[in-house]
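Q: I am new to reading protein models and would like to go through one slowly. Could you take me from the overall plan to the details?

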Amino acid sequence: MNCICGCGTELGRDQVELNLVAGEVAIELVVWDKARALGSPIAADEVATLLAAGAPRYQDLLATIHAGEEPGERELERIRAWLADSRAARLRLHDQLPVPKKKIKLSEAEQARIDRRHPERSFSGEAPEAPATSEGPELEALLVVALADVRAGRPEEAKRALRRFLSE
Ligand SMILES: [Zn+2]
C-alpha cells in the first residue's frame, strides 16, 4: 500500500489507519476549497479559517507517513477535532454554500482535480501541472467510496477499496 499523496512511499501495516485519516482530511479540504473557489461572501471567513487550520494538519500527516512514524495521541485528537469542526460546519452551511450536508460526493471532473499533495488548492490553485503518475479519476472515486464506507461503519470494505486505490 502506498502513501495517499501519490509519492509512492510504501506504508507499513500500522500506517493504514493514518492514511485513512489523511484521506478524510483531504476530502474535507477539497470540499472547502471548492466553496472558496466560488468566491461567495457567505461564511467566507469561516471557510478560510477551516482551510487554514486543516491544510497544515494534512501536511503534518503526510510528514508523519513519510517518516514511517505514528502521530502522537494529542496530534490525532487535534486532527479529529478539526474533522468534527469541518463536518459540523458543512451541516450548518450546506443550504447556503455548495457543501454537502453529510456524505461527500464529487463528480468525476471534480475528482480529477483533486491535488493529493495540496488538497486545499484543488480548486483555487493554479491549473495543475501534468501529474507525474498516471492516476486516473477512477482512483479518486475509489477513495471517495472508501471514505463513505468508513463513515457508514464498514471499515473493512473501506480498507479493501483503499488498498486498491493505494496500490496503483
Ligand atoms: Zn506521500
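**Reading a helical model**

A: This is a predicted model, and its protein chain has six helices and zero strands. From the N terminus on, the elements run α-α-α-α-α-α.

Q: What percentage of the residues in the protein chain is buried?
A: A residue counts as buried if 20 or more other C-beta atoms lie within 10 Å of its own. In this chain of 168 residues, 33% are buried.

Q: What share of the contacts with a separation of 6 or more joins residues 24 or more positions apart?
A: Residues are in contact if their C-beta atoms lie within 7 Å. Among the contacts in the protein chain with a separation of 6 or more, those between residues 24 or more positions apart account for 68%.

Q: How many residues does helix H3 have, and what distance does it reach from its first C-alpha to its last?
A: Helix H3 covers residues 73-93, which is 21 residues, and it reaches 30 Å from its first C-alpha to its last, close to the 30 Å expected at 1.5 Å a residue.

Q: Which residues of H3 are buried, and which exposed residues are on the face turned away from them?
A: The buried residues in H3 are Ile-79, Ser-86, Ala-89 and Arg-90. Seen down the axis of H3, its buried residues fall within an arc of 105°, so they line one face of the helix. The face turned away from this buried side carries Glu-73, Arg-74, Glu-77, Ala-81, Ala-84 and Ala-88, which are exposed. As for what covers the buried residues of H3, helix H1 (16-38) and helix H2 (44-66) are included.

Q: How is the packing of H1 and H3 described, at what angle and with what distance between their axes?
A: Two packed helices are described by the angle between their axes and by the distance between those axes. In this model, H1 and H3 pack at an angle of about 35°, with their axes 11 Å apart, and their crossing is left-handed. Val-21, Glu-24, Val-25 and Glu-28 of H1 make the contact with Ile-79, Leu-83 and Ser-86 of H3.

Q: Which residues of the largest nonpolar core touch the most other members?
A: A nonpolar core is a set of buried residues of nonpolar kinds, such as Ala, Val and Leu, joined through C-beta atoms within 7 Å. The largest one here has 30 residues, of which Ala-22, Val-25, Ala-26, Leu-29, Trp-32, Tyr-58 and Leu-61 touch the most other members. At least two residues of this core come from each of H1, H2, H3 and helix H5 (137-151), and H1 gives the largest share, 11 residues. To follow one member, Leu-29 is in contact with Leu-51, Gly-54, Ala-55, Tyr-58, Pro-119 and Glu-120, leaving aside its neighbours within four places in sequence.

Q: Where is Ala-43 found, and what is its phi value?
A: Ala-43 is found in the loop between H1 and H2, and its phi is near 55°, a positive value in a residue other than glycine. Ala-43 is partly exposed, because 17 other C-beta atoms lie within 10 Å.

Notes:
Residues are numbered from 1 along each chain as its sequence is written. This is a predicted model: local features need pLDDT of at least 70, side-chain atom pairs count only at pLDDT 80 or more; totals for chains, interfaces and linings use all residues. Helices (H or I, at least four residues) and strands (E, at least two) are DSSP runs, numbered from the N terminus. A residue is buried if 20 or more other C-beta atoms lie within 10 Å of its own, exposed if 12 or fewer, and partly exposed in between; C-beta atoms are placed from the backbone. Two residues are in contact if their C-beta atoms, placed from the backbone, lie within 7 Å. The expected span of a helix is 1.5 Å times one less than its number of residues. The arc is that of the directions from the helix axis to the C-beta atoms. Axes are lines fitted to C-alpha atoms, for helices over the stretch in contact, and angles run from 0 to 180 degrees between N-to-C directions. A crossing is left-handed if the near helix is turned anticlockwise from the far one by less than a right angle, and right-handed if clockwise.
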